[in-house]
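Me: I am new to this structure and would like to know what stands behind the terms used for it. Please show it before I ask.

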Amino acid sequence: MSRVWGLISFWGAILAMAVVARPVLAADPTTADCLSASESSLSLRNQHKLRDARAALLICAAPSCPGDVRAECSRRVGEVNAAIPTIVFEAKDAAGNDLSAVKLSMDGQPLAERLEGAALSIDPGVHAFTFETPGQPTLQKQLVIREGEKDRRETVTFGAAGAATPAEAVAVPGSAGPGAPATGPGVVTAVAANNAGSSPGGWSLQEKIGVALGAVGAAGLVTGVVFGIVSNSRAGDFNSAGCSTAAANDGPPGCQSKHDGVSSARTLAIVGVVSGVVLGGVGAYLLFAAPKEVTSKVAFRSGSFGVSCLPSGDLGVSCGGQF
């Protein structure tokens with residue numbers, strides 16, 4: 001008898017272990033669950049959350065749901081599947097080789113641990129995608145996903161060389177990149193932008209006008225000096241002929257003509273010198289007073305201190321530091 005009870009105890013323990021070890025299956029949805037899932041799928045569909053709407057429809061399409069609810073949800077599953085966009089991402093290195101060890105996130109949430117050529121279901125709308133692979137900078141790409149678009153293909157390239165524009169930051173190795181705090185020893189970051197209002201040759205309109213007026217003024221000054229020399233020479237001839245400036249008409253013949261020549265040369269000399277000085281002065285003012293719009297910034301950071309400098313005024317420099 002004890003042997004019989006022993007066998008019963010043994011098989012009972014085996015049966016209990018089997019029951020405990022048996023996987024716990026999710027309970028079938030109740031009628032209330034089915035109705036709630038059907039109703040929420042409509043709201044999610046209107047919000048363009050197609051993937052969540054499909055998940056809700058799969059609940060109300062379960063065999064345990066009422067027949068009419070199950071039939072309606074099953075029909076709508078097909079419609080939502082047709083509307084859900086799919087996209088295939090391709091990742092390559094700078095040499096054009098395919099990369100699969102790429103982690104993909106969408107709107108800050110993980111989407112795929114690897115890119116293996118499979119189409120991914122995406123809700124329609126504007127989404128920001130982030131691509132990460134070991135040994136390469138993180139890439140970001142913003143796309144507009146359209147409802148019903150299937151198997152769209154997008155390629156991202158890691159390590160592709162890009163030309164820097166004048167307004168981009170140029171950083172030596174060790175910098176954190178444009179817009180990021182500089183880190184590491186001996187980091188120098190320079191940001192340069194074109195001077196506003198400058199022509200391709202490097203001269204602003206005001207500077208060009210200043211140079212032109214300066215050139216005209218210089219020519220007028222040279223002309224005035226020349227006519228001044230001519231005036232002095234004619235005055236010497238006038239005096240050596242015995243003419244008098246007080247009564248040129250009463251002197252020897254030709255005195256009036258010589259007097260007029262001296263007066264004309266002297267007038268041209270005065271006009272030339274005065275106009276040369278005035279125009280030259282205005283041109284110099286325009287040239288040197290032209291605004292020098294410099295937007296260059298140089299920053300240096302090493303260890304626990306950093307220094308940055310910006311132009312201040314026309315000829316000054318303002319620097320600041322953090323220690």
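Predicted model: local features only at pLDDT ≥ 70, side-chain atom pairs only at ≥ 80, totals over all residues.

Me: Why is His48 called partly exposed?

Reply: Buried means under 20% relative accessible area, exposed over 50%, and partly exposed in between (1.4 Å probe, protein chains only). His48 has 42% relative accessibility, so it counts as partly exposed. His48 sits in the loop between helix 2 (31–46) and helix 3 (50–60); helices (H or I, at least four residues) and strands (E, at least two) are DSSP runs, numbered from the N terminus.

Me: What is the phi of His48?

Reply: The phi of His48 is near 65°, a positive value in a residue other than glycine. Most residues other than glycine have a negative phi.

Me: How do you know that Asp151 is partly exposed?

Reply: The relative accessible area of Asp151 is 47%, so Asp151 is partly exposed. Asp151 lies in the loop between strand 7 and strand 8 (152–157), and its phi is near 55°, again positive in a residue other than glycine.

Me: What makes a set of residues a nonpolar core?

Reply: The set must consist of buried Ala, Val, Leu, Ile, Met, Phe, Trp, Tyr and Cys residues joined through side-chain atoms within 4.5 Å. The largest such core has 16 residues, of which Phe89, Leu104, Phe129 and Phe131 touch the most other members. Two or more residues each come from strand 1 (86–92), strand 3 (103–106), strand 6 (125–132) and strand 7 (139–145). Strand 1 gives the most, with 3 residues. Apart from this core lies another, of 14 residues, among them Cys34, Ala61, Cys73 and Ile84.

Me: Which residues is Phe89 in contact with?

Reply: Contact means heavy atoms within 4.5 Å. Leaving aside neighbours within four places in sequence, Phe89 is in contact with Leu104, Leu115, Leu120, Phe129, Phe131, Leu143 and Glu154.

Me: Why are strand 3 and strand 4 said to pair?

Reply: Two strands pair if DSSP finds at least two bridges between them. Strand 3 and strand 4 (residues 109–112) have 3 bridges, in the antiparallel sense, so they meet the definition. Met106 stands opposite Gln109 in strand 4.

Conventions. Residues numbered from 1 in each chain as written. Heavy atoms only, no water.
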